[in-house]
Amino acid sequence: MNAPTVLPGCSDPASEKAARPVLRERGQREVFCGLTGIVWLHRKMQDAFFLVVGSRTCAHLLQSAAGVMIFAEPRFATAIMEERDLAGMVDAQDELDRVVTRLLDRRPDIKTLFLVGSCPSEVIKLDLAKAAERLGKQHMPNVRILNYSGSGIETTFTQGEDACLTALVPEMPASAPDAAKQLLIVGALPDIVEDQFLRLFDQLGFDKVGVLPARNARDLPPVGPNTRYLLAQPFLAETALALERRGAQRIDALFPFGAEGTTGWLHAAAMEFGIDEMHFNRVVAPGRERAKRAIEHSRDKLEGKRISFLPDSQLEVPLARFLATELGMEPVEVGTPYLHRAHLAQELDLIPPSARISEGQHVDRQLDRVREDKPDLTVCGLGLANPLESEGFTTKWAIELVFSPIHGFDQAGDLAELFARPLRRRDVLEV
Amino acid sequence: MQLSVWTYEGPPHVGAMRIATAMEGLHYVLHAPQGDTYADLLFTMIERRGKRPPVTYTTFEARDLGKDTAQLFQDAAMEAAERFKPQAMIVGASCTAELIQDDPGGLIEAMDLPCPAIPLELPSYQRKENWGAAETFYQVVRHLADANITREPREGRPARANILGPTALGFRHRDDLVEIRKILDTLGVEINLVAPLDATPSDIARIGAADFNIILYPEIADEAARWLERTFKQPAIRTVPIGVGATRAFISEVAEVAGADPTPALGDNQSRMPWWSRSVDSTYLTGKRVFIFGDATHAVAAARIARDELGFEVCGLGCYNREFARDVREAAKLYGVEPLITDDHLAVEEAIIEAAPEMVLGTQMERHIAKRLGMPCAVISSPVHVQDFPARHSPQMGFEGANVIFDSWVHPLVMGLEEHLLTMFREDFEFSDEAGASHHAAHSPKTAAATGQAPENAAVAAHASAPAQPANDANLWTTEAERELKKIPFFVRGKARRNTEAFAQDHGLAEIGLDTLYDAKAHYVR
């Protein structure tokens with residue numbers, strides 16, 4: 001079912017891949033920094049707290065990105081650096097100790113604390129690893145203290161999750177030397193989607209499937225040479241490297257978007273674990289058919305329509321593949337902040353050759369291209385959506401693709417609907 | 001380091017963005033890392049602007065830091081000048097760029113740009129959004145004002161005014177401006193310039209041609225107005241026309257400076273608020289205890305309206321912008337309350353719990369606090385939320401603004417006779433505590449009653465920050481008195497409980513019975 005057979009005329013995918021040009025740009029980037037990942041990570045890991053060590057800008061970003069004050073007291077906060085921290089009037093490490101102690105006193109429910117680096121803390125080289133180690137000694141075993149950087153100078157949007165999960169990998173217990181081969185799903189998924197996948201793997205006959213991140217950050221799955229990991233998200237380059245350093249091996253697969261993507265994703269794991277093909281088909285068929293039926297509702301709105309993606313979450317390539325292969329859309333430009341060729345190899349093979357793949361961003365030039373291409377639908381960030389709408393373009397907010405359950409069979413219809421809705425709305429409005 | 005969950009103000013460069021976005025033909029080149037572009041969505045999503053803010057971010061990355069970020073800045077500035085062809089530029093650094101000390105001002109001077117460029121020094125680790133907006137507006141005015149402008153003699157022409165302060169992302173600035181224009185029109189005063197909203201750099205050049213300035217939002221415009229006062233000898237009108245009384249005072253002041261007759265403007269027959277407030281059905285508003293928090297200007301105005309125009313009692317008053325704390329301190333003296341000057345929303349929450357008001361007038365932060373505590377609330381000030389940009393005309397200033405304020409403050413409250421019915425027939429099964437103090441579902445408290453705890457206590461208990469109530473307090477109450485207390489509507493029950501306990505303590509009572517409850521009621525009756 002995989003790549004080579006699907007695209008007619010692509011008899012030699014390897015050379016096609018090598019030949020595929022990628023437009024690389026740099027300039028102004030209209031994307032969030034990695035701190036934004038905290039907005040979903042702090043809900044995913046229910047015993048974890050995220051303390052950003054940064055500036056007022058970081059705090060303002062988080063509350064703006066979080067849709068302003070959704071939760072009574074969220075499990076994140078910012079230690080805002082002030083003039084006296086920078087001028088050396090106080091020792092930044094002492095200040096951090098004071099803030100962390102106050103925080104842990106207030107929130108005894110916290111079991112894992114992430115110190116999250118930001119642009120300013122990176123620039124002044126505030127050593128958060130050292131701080132985490134020192135504070136960890138003080139607060140273990142009650143609280144484990146880890147650190148990672150979500151700074152904009154190092155991470156783009158979803159790379160914040162990559163950095164966070166990378167920090168968790170060394171904390172995962174080592175699996176027993178003689179442990180049987182075990183599956184690990186990697187990437188934060190909405191709880192409901194995670195449960196669906198776990199049910200499917202259970203029906204397929206998998207034993208003890210691990211999930212990173214675990215809902216309880218103190219309850220991490222084991223890892224070792226027996227681990228075969230399956231990426232649920234396309235933006236986890238560093239996490240993958242860290243897992244491989246622990247001996248784990250990646251199962252190459254499509255990402256689980258749409259009926260075919262989800263089937264491919266499950267199938268890759270099933271093959272790796274020697275699951276009987278007949279059994280696989282029996283287990284997967286109902287979900288796959290349901291997904292296809294659900295997707296059909298959006299077909300008349302989407303088929304033959306041209307779509308451009310502006311870089312946002314690194315989900316762009318798999319989503320463009322889903323829309324092209326399962327709904328007959330025509331990707332015009334597929335922009336992504338970073339293109340991980342190895343993780344996305346199967347995906348790229350399925351993107352029609354007519355599509356322009358771009359990496360990085362020069363926002364003004366990219367908007368010039370959108371105006372020239374005149375796509376039917378443009379997927380972009382919140383800062384660009386209304387301006388493009390007022391120019392007459394129909395847009396889809398990219399961030400909704402990160403904040404909604406879109407993976408798996410039973411969300412495939414919702415995923416298609418997310419793209420169909422702006423077009424339907426455009427057609428229905430008479431004002 | 002300051003531990004912060006939510007902030008009232010963004011960093012100062014967001015203030016600068018509010019000026020640049022408000023104006024036409026001004027472009028902001030901001031030395032900033034990737035991610036700082038989040039601020040664009042404040043304008044395109046919260047305010048629903050159909051244009052991107054005129055801001056170019058240099059977007060430097062870690063790998064640029066060892067190399068030439070200064071060159072990156074110059075390239076971005078040159079490209080912005082060529083692409084957007086602005087009449088003028090402002091240039092500056094965000095918090096991270098401030099640390100790498102590239103000096104955008106100096107770099108821009110060394111370039112041959114086709115337009116004037118104004119350097120901004122906005123210390124991110126000391127200052128905040130409002131200060132950043134005020135400083136930016138001041139620098140723009142200082143650099144662009146034509147110093148050689150001469151005012152024509154006053155004889156034989158109408159007086160001319162500058163209206164200063166409205167910005168992008170301002171709380172009801174768009175609508176306030178409509179009301180102010182109406183007033184000036186009635187007074188026969190010509191508008192020389194509105195700034196920064198919709199002004200171009202070339203408009204700013206003739207700012208000195210006005211006879212006087214009207215400062216609508218001191219937080220934004222006071223700094224610039226003081227410079228204009230010195231430079232062009234333009235007097236400033238500092239009365240902010242929020243509320244009927246302040247609007248009347250504003251009209252009189254403007255009329256005096258302009259040499260106009262105030263009578264037609266004062267006689268505006270669209271001013272309904274005074275009669276609405278005198279109307280007998282408003283009697284139930286008398287003495288309602290309100291807690292007020294916001295930016296200093298709006299908080300002080302709200303306190304005045306609350307007491308003098310609606311007959312409320314101000315039980316708390318504060319602001320988050322220290323720069324204007326003095327105004328709030330003075331006002332607090334008038335109302336006999338302790339001024340609360342803080343930008344820590346947890347401290348505000350504690351103060352609200354402590355004051356146990358019947359209504360909260362605040363920002364979006366206080367709206368959330370009030371929602372959690374099950375109190376009615378109306379929003380009077382920034383920080384703004386998408387709901388603060390209504391499609392309809394909804395000013396705060398002028399007589400129409402006062403009409404709007406009457407409606408928006410009174411509607412969240414349970415109305416007159418209904419309040420009595422709630423008191424009289426407390427045990428009607430439909431009058432459950434969950435019905436709340438407000439018609440607005442959003443204000444209903446959560447079903448804390450399920451725990452058997454009174455909601456006001458549940459709300460307090462839910463917040464670790466609140467001072468814990470002494471555990472033995474509850475033991476003082478007899479079952480009978482406790483049951484009677486439950487018959488009091490929950491939105492005043494907290495106060496009744498506290499008053500009774502204070503009364504019991506003052507009188508050294510070991511037990512709170514039915515009589516104590518009613519003795520306390522008689523003692524505290526207003």
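User: Say a residue is buried when 20 or more other C-beta atoms, placed from the backbone, lie within 10 Å of its own, exposed at 12 or fewer, and partly exposed in between. How many residues of helix 1 (residues 12-22) of chain B are buried?

Analyst: Heads-up: this is a predicted model, so local features need pLDDT of at least 70 and side-chain atom pairs 80 or more, while totals for chains, interfaces and linings use all residues. Residues are numbered from 1 along each chain as its sequence is written, with chains lettered from A and ligands numbered from 1 in the order written. The buried set in helix 1 of chain B includes Pro12(B), Arg18(B) and Ala22(B). The helix is largely enclosed by the rest of the structure, because the buried count is eleven of eleven.

User: How many residues of chain B are in contact with chain A?

Analyst: Contact here means C-beta atoms, placed from the backbone, within 7 Å. Chain A brings 53 residues, and its helix 4 gives the most to that side, with eight. Helix 6, helix 7 (119-123) and helix 17 (382-390) of chain A are among the elements that supply at least two residues each. On the chain B side, the count is 48.

User: How are helix 6 and helix 8 of chain A set to each other: parallel, perpendicular or oblique?

Analyst: Helix 6 (residues 92-106) and helix 8 (residues 128-139) of chain A pack with their axes 11 Å apart, at an angle of about 40°. Under 35 degrees would be roughly parallel, over 145 roughly antiparallel and 65 to 115 roughly perpendicular, with the rest oblique. The two helices of chain A are therefore oblique.

User: What radius of gyration does chain A have, and why does it agree with a compact globule?

Analyst: The C-alpha atoms of chain A fill a box of roughly 65 × 60 × 40 Å along the principal axes, and 54% of its 431 residues are buried. Among contacts in chain A between residues at least 6 apart in sequence, 74% join residues at least 24 apart. A compact globule of 431 residues would come out near 22 Å, so chain A agrees, with a radius of gyration of 22 Å.

Conventions. Axes are lines fitted to C-alpha atoms, for helices over the stretch in contact, and angles run from 0 to 180 degrees between N-to-C directions. Helices (H or I, at least four residues) and strands (E, at least two) are DSSP runs, numbered from the N terminus. The radius of gyration is taken over C-alpha atoms; the globule rule is 2.2 Å times the number of residues to the power 0.38. Two residues are in contact if their C-beta atoms, placed from the backbone, lie within 7 Å.
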